[in-house]
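I opened a new notebook page for this one. These are my entries, in the order I looked things up.

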Amino acid sequence: MRTIYWDKSTEQVKTIDQRALPGRVEWITLKTGEEVAAAIQNMIIRGAPAIGVAGAYGMVLAAYQCKVMTSTMIVAKVLETGKIIQAARPTAVNLKWAIDRMGKVVLSNTSSTKELHNLLLAEAEKIAEEDIQTNLKIAKHGIEIIEDGDVIIHHCNTGSLATVEGGTALGVIKEAWKQGKRLKVLVDETRPLFQGSRLTAWELQQEGIPYEIITDSAAGFFLERKLATKVMFGADRVAANGDVANKIGSYMLALAAHANQIPVYSVFPYTSVDASCGMGSDIEIEFRAASELLDVKVNGNDIAPEGAKAINPAFDITPNHLITAWITDEGIIYPPFKMSDRINLGEE
Ligand code: MRU
């Protein structure tokens with residue numbers, strides 16, 4: 001299932017509106033760079049690799065929008081749109097990485113508008129295709145750690161919806177299942193936006209992989225009783241020392257796993273490494289609207305008193321000592337991680 005693509009006939013971007021899942025599979029059309037920025041900010045499209053690819057396509061849209069401008073004006077417009085898109089969500093480094101990569105193409109001294117359009121579209125398509133290939137490599141390396149009979153606690157959504165196709169941690173799980181390993185996934189709901197119960201459960205159901213949804217706070221129960229054998233999650237940004245920024249709740253999950261001697265695996269493309277951040281505390285954490293926590297009903301009633309305040313960090317940092325191994329397209333690797341690798345990969 002490819003979840004985002006460039007529609008050649010309309011010269012627009014098509015993607016699944018993840019807010020409508022699991023009830024409806026709704027495809028949405030994005031026509032401008034600004035619409036891409038809004039789609040990223042509103043979680044129509046989410047997941048670190050997916051927003052990177054969306055950002056790249058957003059810069060293509062910006063170039064296509066200004067057909068009657070001079071090359072200099074187009075360059076300025078595309079770079080400006082890149083900045084707007086990058087500001088939509090600050091934590092996932094894949095977004096910045098893709099915008100920077102597109103930025104290099106914009107500045108590649110092309111005099112013809114048509115040629116610039118072609119170069120930008122080719123680069124965005126390349127980034128999207130690389131994501132698919134990267135996920136296949138991650139799955140190939142990751143299945144080495146999956147054992148027959150595993151019960152894996154998985155946090156957030158790291159599947160096709162979070163990437164272009166396949167997924168990272170969920171891609172490993174899908175590949176292991178395809179190869180005949182018997183396993184079960186305990187799907188963390190992933191408060192407050194329920195990427196686990198809405199998206200991961202939906203993807204697992206499509207694949208026929210056994211799963212049960214658990215509340216985020218139930219994870220400790222399963223870990224303490226040895227009813228789970230592994231914890232797996234993705235990454236939005238990985239510091240040079242191996243600290244991992246990922247969906248809020250990952251840290252508590254890793255703490256509980258570590259306390260019960262259950263291994264924790266963070267699974268990501270090497271492009272999620274940002275060695276300019278020496279450690280996790282250097283990574284900017286996105287705070288989202290309090291309404292995401294508060295605008296919820298149980299039995300038809302509000303879950304908090306009117307006027308209640310809430311604070312909503314979207315990510316947390318899992319320190320390196322809680323992580324057993326880092327599973328990437330480069331193999332199963334251990335810190336320190338180098339920035340130069342990431343840049344080279346981008347320039348391949
Ligand atoms: O806020 P989200 O849903 O974009 O958060 C996504 C995650 O935290 C994922 O685990 C991460 O991006 C890795 S996706 C392959």
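This is a predicted model: local features need pLDDT of at least 70, side-chain atom pairs count only at pLDDT 80 or more; totals for chains, interfaces and linings use all residues.

I went to Lys226 and found it in the loop between α8 (219–224) and β7 (230–233). For the labels, helices (H or I, at least four residues) and strands (E, at least two) are DSSP runs, numbered from the N terminus. Phi of Lys226 is near 55°, a positive value in a residue that isn't glycine. Most residues other than glycine have a negative phi, and most peptide bonds are trans. Lys226 is partly exposed, with a relative accessible area of 46%. My cut-offs: buried is under 20% relative accessible area, exposed is over 50%, and partly exposed is in between (1.4 Å probe, protein chains only).

Residues are numbered from 1 along each chain as its sequence is written, and side-chain values use heavy atoms, with hydrogens and water left out.

Met43 also has a positive phi, near 65°. I found Met43 in the loop between α1 and α2, and at 7% relative accessibility it counts as buried.

Then I looked at cis peptide bonds. One runs from Leu21 to Pro22, with omega near 10°, and Pro22 sits in the loop between β2 (12–16) and β3 (27–30). Another joins Arg191 and Pro192, with omega about 0°; Pro192 is in the loop between β5 (183–188) and α7 (195–207).

Tyr270 and Phe337 have ring centres 6.2 Å apart and planes at 85°, so I logged the pair as edge-to-face. Tyr270 lies in the loop between β10 (264–267) and β11 (287–288) and Phe337 in the loop between β17 (331–333) and α11 (339–347), so the pair ties together parts 67 residues apart in sequence. Tyr270 is buried at 4%, and Phe337 is buried at 5%.

Trp326 and Tyr334 are edge-to-face too, at 6.0 Å centre to centre and 80° between the planes. Trp326 is buried at 3%, whereas Tyr334 is partly exposed at 49%. Tyr270, Trp326, Tyr334 and Phe337 make up one aromatic cluster.

I searched for nonpolar cores (buried Ala, Val, Leu, Ile, Met, Phe, Trp, Tyr and Cys joined through side-chain atoms within 4.5 Å). The largest has 45 residues, and Ile40 and Leu120 have the most contacts inside it. The largest share, 13 residues, comes from α2. Beyond its neighbours within four places in sequence, Leu120 is in contact (heavy atoms within 4.5 Å) with residues including Met59, Val78 and Met102. A second, separate core of 28 residues includes Ala219, Val244, Leu253 and Phe337.

The axes of α1 and α3 come within 9 Å and cross at roughly 10°. Axes here are lines fitted to C-alpha atoms, for helices over the stretch in contact, with angles from 0 to 180 degrees between N-to-C directions. The two helices are therefore roughly parallel (under 35 degrees; over 145 is roughly antiparallel, 65 to 115 roughly perpendicular, the rest oblique). Among the residues making the contact are Val36 and Ile40 of α1 and Thr81 and Ile84 of α3.

Terms used: Rings of Phe, Tyr and Trp (its six-membered ring) pair if their centres lie within 6.5 Å; planes under 30 degrees apart count as stacked, over 60 as edge-to-face and the rest as tilted.
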